[in-house]
Every structure is written in C-alpha cells, then in structure tokens.
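Subject: A structure for you to look at

Hello,

I am handing over a structure that you have not seen before. Have a look at it first, and then read on for my notes.

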Amino acid sequence: MALTAVKGFNDILPVESGRWHFIEQTARKVFELNGFEEIRVPVLEKTELFSRSIGDATDIVEKEMYTFTDKGENSITLRPEGTAGVMRAFIEHKLYAQDPIAKLYYMGPMFRYERPQKGRYRQFHQIGAEITGVTDPLADAQVLNMLTAFFREIGLTEPTLQINSLGCPECRPEYRVSLRSFLEEKMGQLCDDCRRRFAANPLRTLDCKVPGCAEATAGAPSVLDHLCGGCNDHFATVRRYLDLSATPYSINSRMVRGLDYYTRTTFEMVTMLLGSQSAVAAGGRYDGLIAQLGGPAIPGIGFAMGLERVALLLTNQDFASRPDLFIATMGEGERDVAFSLMDALLKSGIRVEMDYEGKSLKSQMRRADKLKAYYSVVIGGNEASSGKAAFKRMADGFQTEALLTVAAIQVLLNTTEQ
Ligand code: HAM
C-alpha cells in the first residue's frame, strides 16, 4: 500500500503555494513597514519552556503537545506556538541589552495534537509578530493597526477585530474569586472539563463551546468590571488610539485566551466563514512572561495568525503564476533558435515556456493554453531566417509582429495590455 502523510499534517501543493506566498509576502511588507524584523527559531524546544509559559493547566500543555524523549533522555517538544521560543531567544541572546524594544516577526510550522477538521490541523503554520519593552498602550494600538492593515492589504474585510482586557496579577485574582463564586452555584450545569478546570483555570468556562456551559455562564461577572485603575486606564487608552486611527473593533468581555501568559489587552480576529475555527489571528499582552522565563522584567505584546485559515478565506482568488510567453516551433530545425531565445528571455527576467518533447504544433498550442501563457509565438523556417514573428495575445487572439529579440519582446509585453 502506498504511504500517506501523517494525519493532520498537510502537503501544500503548487496550486496552493501561490496563495501562501502572497500571504507571506504581504505580511513581510506590512510588518517591515512597521519596523519589525524577522527572527527564526527552532521548531524543537525543551518541554519546560512551554509548560512554564503557556501554563500547565491549559489544553495545549495538558493534551496537545508533541512531546518525546530524545536519545539523550531530554524531554523535548515540537513547538505548539511561536511566542515562547521567540522570548527564549530574546533572553538567551540578551537582545534586550542593546535595546529592550525589539520588534520581531516569524513564520513557520507549529504542532498541536488536536482533532483535525477544516481550519484545524496538527501541523499548521503561524505568522506572528511580537514587540517587547513597551508598556504604553501605543504598542497595543500599533500591533492591532498592523494586523488590521495586513487583512486590508490582502483584500479581506472579514475577519473583524474583537478586544478585551484580562487585567493583571493585581486585579485578576479578585475577578477569579468573583467568577468562581458565580460558577459554584452552576456546577451541576458545567461540562466535565470546566468542572475539572474550575480551581486552576475558571476563566476558560467563559469560552467553553458546550451549550450547557454557555447557558450557565450567560450572566457571569465581566472581567472589565473588575479591572484595577491601571488596567482600566490602559484599556481605555488602547480604545482611544484605535478610535483615533479609525480601526474598527468590538469589545468581547468573554474572550479568554487558551494560553496563561496574557495580561491586560487580548484580541482575536474573528470570522463567521470557517465554522467553529473562527479565530484567524489572536494575541495579546504578556507583561510577566519574559521575567517568568528567567529574563528581566520586560513587557511584551504580539499576535499570531493561522496561515491555513487566512488561505481558506482567500480561496476565490487565483494566485497561479503564468508564463509571459510560450514559444512553439514548427519543426526540429527551429528548436535551437527557440531555445536560445528562451534562454536570453529568462536571463532578463521574462517567464518563458517551450515544449520539452518535440510535439506537434497543435499539442504545443494546447500546452500554451493549459499553462495560461499571456502570449505565444510560433517559430518556423521563415521566422528563424527573418528574425521576426507574429506574437499572439492568447486572451483575444490579437497578433502583433515583433523582432525575436529580448528588447523587442520586452517592449511588446510592456506596451500591450496582458
Ligand atoms: P493561539 O490563539 O493559540 O495563539 O494561535 C494563534 C492562531 O493560530 C489562531 O488564531 C489560529 O488562527 C491558529 N491556530 C491555532 N491552532 C491551530 C490549528 N490546530 N490549526 C490551524 N490553525 C491554528 C498563539 O499561538 C499565541 N502565541 C499568539 C500570540 C503571539 N500571543 C502573543 N503573541
């Protein structure tokens, strides 16, 4: 039996990779405009990095990590997300010594042992950005504006931005107490997971998808009513900056994130088009994380988007790359002329295809159609000796005569609409 890929691990085939390039290039463009630089970190890290950052009581650490013991008896894990590794590198290489403000972006595969379905995979790809060293809400607003700008640049008005504040170590414990005492009364209605998480992670109940839990928590106290003065001011300023830049958003006080490191601002880009996998991008502030991982007390904020989910939202666009010109030949005698012309055109950056197998003219033209070439040209004995040929615009059959030289073909491609 033929071998297949591991469940939840996908091949990105050429029909799809054009879309991925477009997403990646747009992210690079928008992030670099905002002063972010790329960082590349390993896909494998010590398991402890994730348990100490994402949190032991989270779904990711409890049940979704690809963790194994290597030949040296070390427990290592395929990264389930990017922030922890980037912050580990930030601390390990003392990037903060030069400047505590680092603006870093990354892209690459992440691994979570989740139940695969549309938009949810075991190997998936994130494009993320993190900014360290700024407590001011201006950083929150810049990150949110940058994420919004990315979606605008790729041409999506969906998804929409939802924001919340989860408070800080000063005010969140109080909120937890108040939420717990509310939930205590509803214990009977909660699912097994929420009952189990009641002590360590009661906030998760607020975004549990089980209908009974959603019903039970309908009147739950809001985290926004429990923010301390500092967190309240911070959140108000984030909103003011978003208003100043006309960035659309809504407040969702029930948004809790699946990772423990968040403080204050959290956010998600949400779509209605992908069923239950509604978060296309998500992130927030993590003011305690760097210190928690053994670094200095430096705050941070960032996000990651799911590349597969963004790609799913772009499926109605065609990203296949097309040849500028297809060169067909009448017979064997013209193949040298055609090959030399193709070679010269490729060297000057014009995408050319020709027939590899010496097929009939009819089948060469079929291939030109199949490849969706913008132009085609047929070189026969006359064309080879005169150095001139008729170039056909494939979309409408319009023909123009031009010299078989790089310069003339460049002019033709630039002046006639493709
Ligand atoms: P996250 O919410 O766990 O946050 O993941 C971010 C995004 O990754 C999600 O919104 C989703 O689009 C995508 N994603 C997550 N799991 C899967 C999956 N199994 N299949 C496909 N896509 C998935 C983080 O990972 C944080 N590190 C984000 C962050 C950066 N916070 C601060 N900085």
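This is a predicted model: local features need pLDDT of at least 70, side-chain atom pairs count only at pLDDT 80 or more; totals for chains, interfaces and linings use all residues.

Residues are numbered from 1 along each chain as its sequence is written, and side-chain values use heavy atoms, with hydrogens and water left out. Helices (H or I, at least four residues) and strands (E, at least two) are DSSP runs, numbered from the N terminus.

The sheets

An open sheet is built from eight strands with mixed pairing, in the order β1-β5-β6-β11-β10-β9-β7-β8. Two strands pair if DSSP finds at least two bridges between them. At the edges stand β1 (37–38) and β8 (250–251); each has a single partner strand, so one side of each is left without a neighbour in the sheet. Within this sheet, β5 (residues 103–111) and β6 (residues 123–132) run antiparallel and are joined by nine bridges. If you want a place to start looking, Met107 stands opposite Ile127 in β6.

There is also an open sheet of three strands, with antiparallel pairing and the order β2-β4-β3. Its edge strands, β2 (44–46) and β3 (66–69), each pair on one side only. From one strand to the next, the twist averages 35° (axes are lines fitted to C-alpha atoms, for helices over the stretch in contact, and angles run from 0 to 180 degrees between N-to-C directions). Three bridges link β2 to β4 (residues 75–78) in the antiparallel sense, and Lys46 has Ile76 in β4 as its bridge partner.

Helix α6 (residues 137–153) lies across β5, β6, β7 (160–165), β9 (263–270), β10 (279–285) and β11 (300–306), and runs at about 15° to β11. Contact here means heavy atoms within 4.5 Å.

Helix α1 (residues 14–33) packs with α6 at an angle of about 140°, their axes 10 Å apart. That makes α1 oblique to α6 (angles under 35 degrees count as roughly parallel, over 145 as roughly antiparallel, 65 to 115 as roughly perpendicular and the rest as oblique). On the α1 side the contact is made by Phe22, Ile23, Thr26, Ala27, Lys29, Val30 and Phe31, and on the α6 side by Met146, Ala149, Phe150 and Glu153. By class, this contact of α1 with α6 has eight nonpolar, one polar and two charged residues (Ala, Val, Leu, Ile, Met, Phe, Trp, Tyr, Cys and Pro count as nonpolar, Asp, Glu, Lys and Arg as charged, and the others, Gly among them, as polar).

Helix α10 (residues 229–244) packs with α6 at an angle of about 45°, with the axes 9 Å apart; α6 and α10 are therefore oblique to each other. Residues of α6 in the contact include Pro137, Leu138 and Asp140, and those of α10 include His234 and Tyr241. The contact of α6 with α10 has seven nonpolar, three polar and one charged residues.

Local details

The count of aromatic pairs comes to ten (rings of Phe, Tyr and Trp, with its six-membered ring, pair if their centres lie within 6.5 Å; planes under 30 degrees apart count as stacked, over 60 as edge-to-face and the rest as tilted). One of them is the edge-to-face pair of Phe9 and Tyr66, at 5.9 Å centre to centre and 90° between the planes. Phe9 lies in the segment before α1 and Tyr66 in strand β3, so the pair ties together parts that are 57 residues apart in sequence.

Two backbone points are left. Glu158 and Pro159 are joined by a cis peptide bond, with omega about 0°, and Pro159 lies in the loop between α6 and β7. Ala246, in the loop between α10 and β8, has a positive phi of about 55° although it is not a glycine.

Best wishes
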